[in-house]
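Let's take a walk through this structure, one stop at a time. Keep the sequence and the 3D view open as you read.

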Amino acid sequence: MKSFLDRTVRLVFGFAIFALLVAGAASYRWMAVSDESNRWVQHTHAVLENLNGLLFSLLSVESSARGFVTTGDEFYLAIYDASQLNARQDEAAVRSLTVDNPNQQAKLPVVESLIAAKIQLTEKVIGLRKSQGFEASLNAVRDRHGQEIMTEFQALIGTMKDEELRLLVMREADARRRTQQARVILLFGMAVGVLIAAGAGWSANREAAARNVAENAQHEGEDRFRDLANNISQLAWMADSNGSIFWYNQRWFDYFGCTAEDIAMPGWEKGVHHPDYLERVLDKFRRSLKAGEIWEDTFPLRGADGVYRNFLSRAVPIRDAKGKVVRWFGTNTDISEIQQSEKNLAGSEDRYRGLLEAAPDAMVVVNQSGEIVLLNVQAEKQFGYNRDELAGQSVESIIPEGFAERLVADGTRTAAEALAQQIGTGIELSGLRKDGSEFPIEIMLSPLESADGVLVTAAIRDISVRKDAEKHLAQTEARYRGLLEAAPDGMVVVNKRGDIVLLNARAEKQFRYWRDELIGKKVKSIIPEGFAERLIADGTRTAVEALAQQIGMGIELIGLRKDGSEFPIEIMLSPLESTEGILVTAAIRDITVRKEAESHLAQMEGRYRGLLEAAPDGMVVVNQAGEIVLLNAQAENQFGYRRDELIGQRVTSIIPEGFAERLIADGTRTAAEALAQQIGTGIELIGLRNDGSEFPIEIMLSPLESTEGILVTAAIRDITVRKEAERHLGQMEGRYRGLLEAAPDGMVVVNQAGEIVLLNAQAENQFGYRRDELIGQRVTNIIPEGFAERLIADGTRTAAEALAQQIGMGIELIGLRKDRSEFPIEIMLSPLESTEGILVTAAIRDITVRKDAEGHLVEKIEELNRSNEELEQFAYLASHDLQEPLRMVASYTQLLSRRYKGKLDSDADEFIAFAVDGANRMQRLIQDLLSYSRVGKKGQELLDISSDGALQKALFNLSVAIKHSGALVTHGDLPDVNADEIQLIQLFQNLVGNAIKYQGPGIPHIHVSAARNGSPKWTFSVQDDGLGIDPQFFERIFGMFQRLHKRDEFDGTGMGLAICKKIVERHGGSISVESKPGLGSTFSFTLAAIKKKP
Amino acid sequence: MSVAVLLVEDSPGDVRLTREAFREANDDIELHVACDGLEALAFLRHEGPHFNAPRPDFILLDLNLPKMDGREVLAQIKNDDHLKTIPTIILTTSIAEEDIIRSYQLQANCYLSKPVQLEAFEDVVKSINDFWLTKAKLPQRSGDE
């Protein structure tokens, strides 16, 4: 070791020195180089200097010459000479210096010549000065040539200087570089050398130190061993790394009865070893030495008393820090006695072994050295070894890691302490089978005192399965976690104590927490009520029971978000077995929307309920199972139940037949389909009241979507009355048929399609058909025109409307008999309600006779009209034609009277007077008659005229008479009337004229007025305060030629009022008089008001 | 200068009355009489026995005439360039509107109805005289043929 160390160190040092030398050499060389460079630099400097010197010298030559020229002072000549000399010297120097530089050398001849020239010149100048004085020399000085030379010289020098400068720069740089390099090399070399030296020194130091330590340790160890060895009962010894023992403990000497010197004698071993064993022992020992392995052997040794005893010998190698064996500590233990006691122990050991064997787990007993001392058959099986393959082996061969370290005393604690720490705890380790396969094991350690010290009994349990299970569980858990995260609902896993163990992202979102904010917290913090109570074992039942009760049911609770807001949730629980016990997984669904929908639906349902109650018909809502879900008050009344008596009951209890069958899904079709078939149609069924009575109903179905599925709403109408009516109608129809037959007229009943539905015997006779020939036939077969058109709904009006227009009116039409002959008929229509709709009953009357009569009548009337007309015409003509002769008579009698009055005798006068009078009267009569006849014949069209205006005109016509009589005629508001103006004027004129004529005493007062009196006609009144009329004459006075007074009392034809009557009657009115004799009369007549409203 | 008036009237009684009435009104009137329409036209056209008839200053024409109706005469007079300048006054018992209209349509210069009463009749004649012979200007009788 030492030598090795030394060698290394020496080597290193040698290397270091070598490196230094190299460095030194290198730097020396480099320095030399750099030196050279520097020299070159200096050389260049020198050249430059000389060049400058040269220049200066020449300039000095020039200036000194000038000086002399100027002053003539000899002083300057001295300088001139000196300068000259200098110049030559400098030039020489330059030449020699630039020997290496061909460029510069080339220039030198020029320089020389220039110098020579210059000097020549200056000589000349000086000579001149000397000889000829200032002026002459001045001229020479002024000579440019000198200047030119100078200039050229300067330039050349300048060029040379530049060259030198360039070189200078180069060389300086070079020199610098070299110097730098040298420095670097030097430094580097030095550094390397130093480093290596340092390294070497350090490692040497370290080695030394380590060696020291090792030596110390070794010494210490040795000392300790020595101490120990001297205190134990065994034989102990120390050997060096070669195996040569250099120390024995006292016991050794005691046992063998020898001294160290004795042992040192060769062949001593032979003396103590049993010859049979010696070779083997030595051999084994050597092998151990070589391998550096613990040596152990059992062999006899002869003691001082000559007895061979079995010694268990052991030597352990002591390694240094590097692991090199430096010492061997050995012991020899007399086991002869032990062997004996061992036999004893074997007995108990057998027992122990028995226990061991019987143990269910594998048992391995390990000693402090970590060697397997004992193992049972289970252990054999577990590890796949045979007992003896393992006995004595290090436990590490079956439990590579974890066991030994934990247990074996490692210098820092005793085996006992180590063990104490492990006892009782199941330690999971990895076991290694013989075939190399590993399997997980759990070991439980317990100490075992034995003669060999504390042994460790390890109960080894193969936990492959458990590990698998755990792994599987972990996998499952991992998968479970995956599922958890993927779940659409929020998932929260809660343990028995109500702590949240796990939650997924969805739950985070729902409750707006971060995962880590919730894990470990009580589930109460997100679900304040309802969860914990339901689940957590509370002493009266286990978690399992509690859970079992809740599993599967969706429980509605309130969730509490992080921000404190609440929201409705539905949780579904399921148990989860885990290594931590039963956990509860809660799938949490945010049912806010659903709740809203439910509330909305509830609202809708509320409204629906409202509608239900308000409906006029009974409303019953039935679910798909046929149970009544809802009903309104009308339904209650209809069926005589209270609501609660019916809700939940089957609908068949109120509608025994027909409802359920029609609606309820019966396996062949769904409720929806079933319903679809029934919707809208009113179905007649029988309803059953509470009291058992039945009544006819008509139901109308409509579907209703609800949270409970499709419900059916049935509107139930009690059609008892209708049914009665129908029955009644049926009866009526029967009776009607009877009436029909009994009717005197032909009766035909026609339906809306125009077909004959019914007819009676008279109709048969009338039309010459048999009943069955007509029933179903169109009515146009017997009444071709006029019937159908009038009656049948034609798209623009219903049959009812059509009929309404015709009812009551007798319509004249032509009937067509079977023999194609026609005859006039009059039909009277009346409607007839029937189950088939509105039918029309036509009473048909054969009006042939009437028609004849009518025709006859018409003829007659026409005749009369004709004759009337003729009469009127006649009257007119007569009057008109009578006028002519009458005029003659009247005129000539008047002429006679005029011309011959007094010329003839008085009789003649009287006769003529009577004649004249007669003629005049005749004229007046005929005029009035003419007027009378003209009223009808010459009457104008009736127009809307002002009666006021007519009166004014009449009064104008009477103005003479009014003035003459002084009569006062007043009138009220007179309306517009529908009349012939001329005739109205005539009317007023006659009446007012009469009033004036038949005046009483005093001034006649006449008043004309008009009043409506609620009638469509106006009643006009002409009131006077004249003589009045005796009531018995009220009628007569309106007759023709009627006079109430003698001719000499009042003049007049007696036609006036007849004319008035004719006029009034022509206007469709009537005339009358009221009068009191002596008080006056009021003549009243009526006239139509104007047709249009004003 | 005396005034010549042609009276076309079939009733002698009326003729005499008219003559008496004119005598009352204007002494200077020469009243010529034609009993029917044909005679009236012959007179106007100086035909037959009337070759020397004077041209009347105006004509009094009754409507209801035998042989040729007064309306026809009127039409002929007024269609005759020669005769139409003679004022033709219808003097008739008819007060029918259609007679009045027809007459004026046929260009009668005036329509008068004969009153029934004598006095009234005399008034009418007087009015004719007053108006037509005193106030109205008549075309001069020219010696035309």
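A salt bridge here means a side-chain nitrogen of Lys or Arg within 4 Å of a carboxyl oxygen of Asp or Glu. With that in hand, go to chain A and find A:Glu812, A:Glu826, A:Arg850, A:Lys851 and A:Glu854, which are linked in a network of salt bridges. Side chains of opposite charge can pair when their charged atoms come close.

Some ground rules before going on. This is a predicted model, where local features need pLDDT of at least 70 and side-chain atom pairs count only at pLDDT 80 or more, while totals for chains, interfaces and linings use all residues. Residues are numbered from 1 along each chain as its sequence is written, chains are lettered from A and ligands numbered from 1 in the order in which they are written, and side-chain values use heavy atoms, with hydrogens and water left out.

How many salt bridges are there over all chains? A search of the whole structure turns up 55. Take the one between A:Arg287 and A:Asp283, whose closest N and O atoms are 3.3 Å apart. The two sit four residues apart in helix 9 (residues 275-291) of chain A, so about one helical turn separates them. Helices (H or I, at least four residues) and strands (E, at least two) are DSSP runs, numbered from the N terminus. For burial, the scale is relative accessible area: buried is under 20%, exposed is over 50%, and partly exposed is in between (1.4 Å probe, protein chains only). A:Arg287 counts as exposed at 52%, and A:Asp283 as partly exposed at 38%.

Next, look at A:Arg643 and A:Glu613, whose side chains meet in a salt bridge at 2.5 Å, N to O. This pair links distant parts of the chain, 30 residues apart: A:Arg643 is in helix 22 (residues 643-646) of chain A and A:Glu613 in helix 20 (residues 592-614) of chain A.

Now for the other chain. Which side chain of chain B meets A:Arg898 in a salt bridge? The partner is B:Glu122, at 2.3 Å, N to O. The pair crosses between chains, from helix 30 (residues 848-900) of chain A to helix 5 (residues 118-135) of chain B. A:Arg898 is partly exposed at 40% relative accessible area, whereas B:Glu122 is buried, with 15% relative accessibility.

While you're in chain B, note its five helices and five strands. From the N terminus on, they run β-α-β-α-β-α-β-α-β-α. Of the 145 residues in this chain, 53% are buried. B:Lys67 has a positive phi of about 60 degrees although it is not a glycine. You'll find B:Lys67 in the loop between strand 3 (58-61) and helix 3 (70-79) of chain B, exposed at 72% relative accessible area.

The loop between strand 23 (810-816) and strand 24 (822-834) of chain A holds A:Arg820, and its relative accessible area of 55% makes it exposed.

One last stop is A:Arg166, in helix 5 (residues 144-231) of chain A. The side chain of A:Arg166 makes a polar contact with the side chain of A:Glu163 at 2.7 Å. A polar contact is a pair of N or O atoms within 3.5 Å; within protein, one must be able to donate a hydrogen and the other to accept it, and residues adjacent in sequence count only if both atoms are side-chain atoms. A:Arg166 is partly exposed, at 44% relative accessibility.
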